[in-house]
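Subject: Structure handover

Hello,

Here is the structure we talked about handing over. My notes follow below it.

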Amino acid sequence: MIKRIKGWFGKANPVVHVVRLEGAISSGRGLQATLNAKNLESILKKAFTKKVSAVALAINCPGGSPVQSALIASRIRALAAETNTPVLAFCEDVAASGGYWLACAADEIHADENSIVGSIGVIASTFGFPKALSKLGVERRVHTAGLSKSTNDPFKPEKPEDVKKLKVLLEDMHASFKNLVRTRRGAKLKGKESDLFSGAYWTGIRAHDLGLVDGIGHLVPTLKQRFGDKVEIKEIKESKGFGARWLGLGSRHGLATEVTEAALNVLEERALWARFGL
């Protein structure tokens, strides 16, 4: 049954709230907004009310933190169950890795033919500088309690045992991702799991063939087709005081630290987008 609200003169129109999930998923702080459970909490609570016919997720996300991906998706499912609200996801340029994790929080997933979808895998990347300090004449002093406290030290040569431990962590995270996709997509999935869960990504049309998305279509026309031409589509946004945010008011570290953190977030996010040629 489509939930409706009354408009003028008692006329009832379906209402759909839109939540935009754009950018990288990260728990980091800084001036640049990132997707994480804390930042999205107030928006999600506003979006999910018993007066709306559905909530639409407009996703343009290259991935990021597995933990934040899981927290956001779990929160969406909890609110959907609490308010008995259907959730539809619409993949835009990219819904890959953590972005696809978010899409799986929806009851239905739609994409453009050319959207990039998938990348069901986990990656860890860093740099190594084992000779940098010696060339600069710098002596590094690190003391630990615990044999594994200094694993994967970028200033030391890579150790096989450290790589092995890291791969175990990645496999555990990958298993969690795969279980989510199996649970949410179920019998809709087509093809071999070795292909679907390889970390590969596809265009929207190919993702549809593989059962990773339910349909090819865009947000507004799909919602009008589903709920009628008079459907009221409202994007839910969070109101923020720009001045306080810019000045770093309420922050323990202030503007300088936030600018530095924002710069690092930009570099990290840029690398995520670059994986998909964007």
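S119 lies in the loop between β6 (116–118) and α4 (132–136). Helices (H or I, at least four residues) and strands (E, at least two) are DSSP runs, numbered from the N terminus. The model is predicted: local features need pLDDT of at least 70, side-chain atom pairs count only at pLDDT 80 or more, and totals for chains, interfaces and linings use all residues. Residues are numbered from 1 along each chain as its sequence is written, and side-chain values use heavy atoms, with hydrogens and water left out.

Backbone first. S119 is not a glycine, yet its phi is positive, at about 55 degrees. Most residues other than glycine have a negative phi. S119 has 3% relative accessibility and counts as buried. Buried means under 20% relative accessible area, exposed over 50%, partly exposed in between (1.4 Å probe, protein chains only). S97 also has a positive phi of about 55 degrees and is not a glycine. It sits in the loop between β4 (87–96) and α3 (98–103). S97 is buried, with a relative accessible area of 12%.

The loop between β6 and α4 also holds F129. F129 is partly exposed, at 38% relative accessibility. With F127 and F155, F129 forms a nonpolar surface patch; together they have about 310 Å² of accessible area. Areas come from the Shrake-Rupley method with a 1.4 Å probe; for residues, only the protein chains shown count as cover. Patch residues have over 30% relative accessible area and no salt bridge; like charges are joined within 9 Å, nonpolar side chains (Val, Leu, Ile, Met, Phe, Trp, Tyr) within 5 Å. A salt bridge is a side-chain nitrogen of Lys or Arg within 4 Å of a carboxyl oxygen of Asp or Glu.

Next, the strands. Eight of the 11 residues of β2 (residues 12–22) are buried. β2 pairs with β3 (residues 54–61) in the parallel sense, over seven bridges. There V18 stands opposite A56. β2 also pairs with β9 (residues 232–235), again parallel, over four bridges. V16 has I233 as its bridge partner in β9. Pairing requires at least two DSSP bridges between the strands.

Last, the aromatics. Rings of Phe, Tyr and Trp (its six-membered ring) pair if their centres lie within 6.5 Å; planes under 30 degrees apart count as stacked, over 60 as edge-to-face and the rest as tilted. The count is one aromatic pair. The ring centres of W101 and F177 are 4.7 Å apart and their planes are at 25 degrees, so the pair is stacked. It links distant parts of the chain: W101 is in α3 and F177 in α5 (residues 160–185), 76 residues apart. Both W101 and F177 are buried.

Best wishes
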